Amino acid sequence: MATLNLFSQPWQPTISPFCCSNTNNNNNVVYAYHNHNNSKLHFFSNSRQFSVLSQLSTNSSKSVSGSSGLQNSSFVSGIEYRKRPLYSVFPTKPAQVSSVEDLYEFICSGPLLDKIGITQEQVAESIDNWLLYGRYLCRLFQLNELFLTEPQKARIYHYYVPVFLWCEQQITEHQSKFKDGEDIPPLVIGFSAPQGCGKTTLVFALDYLFEVIGRKSATVSIDDFYLMAEGQNKLREANPGNALLELRGNAGSHDLAFSVETLTALTKLTREGMKLKLPRYDKSAFNGRGDRADPSTWSEVEGPLTVVLFEGWMLGFKPLPVDAVKVVDPQLETVNKNLEAYYDAWDKYIKSWIVIKIKNPNCVFQWRLQAEIAMREAGKPGMTDDEVCCSHGFMF
């Protein structure tokens, strides 16, 4: 597997000591490594691996919830506007022309274009789409598209839009494997990344772009498959003294049968009129210990689905030899054993991967604390600092 490494020093991935990411060579994978100021992305396409370095800010990587308030009519008018010839959509005022030309050069300077097979000429030919996608994302995240900072531009035009285009390529390749008239199941793209590094925000942005271009997509998280409160209590009672199974989080705290039922049903949404309610998890229930949300609050998706965006911090993890696990922490032995059942429950459904790795796992603890603190400040019960430490202690 050929590697293009743009770091001056060899980069060694930092992962949990008892698990690793599943990178099946038959699947296409996008890898991304994040630290506070830089991002290294590895693209796997069949037997080829690429890595790139780009400047991305993590300050704006907080998840955005709710609707942007943008009406469908404005999307339609924007799409119609962008159907005009390429150069007719360029502004005529000198300052605005300069701005678009600068943006084109900025897009072409992005580190992912070569990796996803897009030339500068193709960017020029599709500049209307780039501008349109950028405009949608600016509105989604409530940014002024005319006054973007460099990190904001990088996040949109060097990260979100290229990854979206890569997803589109994967969808096209996936659909080409089926004959005319056959039901085409949605492509399931897995997003594996530690908590707090921006995977949910990325999925949120991609799902939004799929919506505005007319593709039906569904998003689901491994959090949605946590055991219900009663099941979590039974897990805790069955493993007395094991802090890693005291609360939700680690392998063993998920309802795998429910996962299989949901993911199987999603892949069968291939026709008009087929509907499915997606489960959601309420982390604030039972004083922050959590419980599955009431089904009346679950969102509904309708077929035919084109893509399913499945995200979670431990997607693709595999168990390690028992001796290696015991050296780290004897409590990990049970968690490690539980991982054996997760491939059939989750990973076998995923045909393309996006994996985000971080250099320092200690950042995860701070990001998790921020999420729980924010929930408590919003008036909802959340985990205490000690509970966060216990539920994710194996990572530190």
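1. A residue counts as exposed when its relative accessible area is over 50%, as buried when that area is under 20%, and as partly exposed in between. The model discussed here is predicted. Glu272 has a relative accessibility of 60%, so it falls in the exposed class.

2. Glu272 pairs with Lys216 in a salt bridge whose closest N and O atoms are 3.5 Å apart. Lys216 sits in the loop between helix 6 and strand 6, and Glu272 in the loop between helix 8 (256-267) and strand 7 (275-278), so the contact ties together parts 56 residues apart in sequence. Lys216 is partly exposed, at 30% relative accessible area.

3. A salt bridge also joins Arg215 to Glu168, with 2.7 Å between the closest N and O atoms. Here the loop between helix 6 (199-212) and strand 6 (217-221), which holds Arg215, is tied to helix 5 (residues 150-175), which holds Glu168; the two parts are 47 residues apart in sequence. Arg215 is partly exposed at 22% relative accessibility, whereas Glu168 is buried at 16%.

4. The salt bridges come to twelve in number. Among them is the pair Glu340 and Lys337, with closest N and O atoms 3.2 Å apart.

5. Helix 4 covers residues 127-140 and spans 20 Å from its first C-alpha to its last, close to the expected 20 Å. Twelve of its 14 residues are buried, so helix 4 is largely enclosed by the rest of the structure. The buried set includes Asp128 and Arg135 as well as Trp130, Leu131 and Leu132. After helix 4 comes Gln142, with a positive phi near 55°.

How values were computed: Residues numbered from 1 in each chain as written. Predicted model: local features only at pLDDT ≥ 70, side-chain atom pairs only at ≥ 80, totals over all residues. Heavy atoms only, no water. Helix = DSSP H or I, 4+ residues; strand = E, 2+ residues; numbered from the N terminus. Expected span 1.5 Å × (residues − 1). Buried < 20%, exposed > 50% of the residue type's maximum accessible area, 1.4 Å probe, protein only. Salt bridge = Lys/Arg side-chain N within 4 Å of Asp/Glu carboxyl O.
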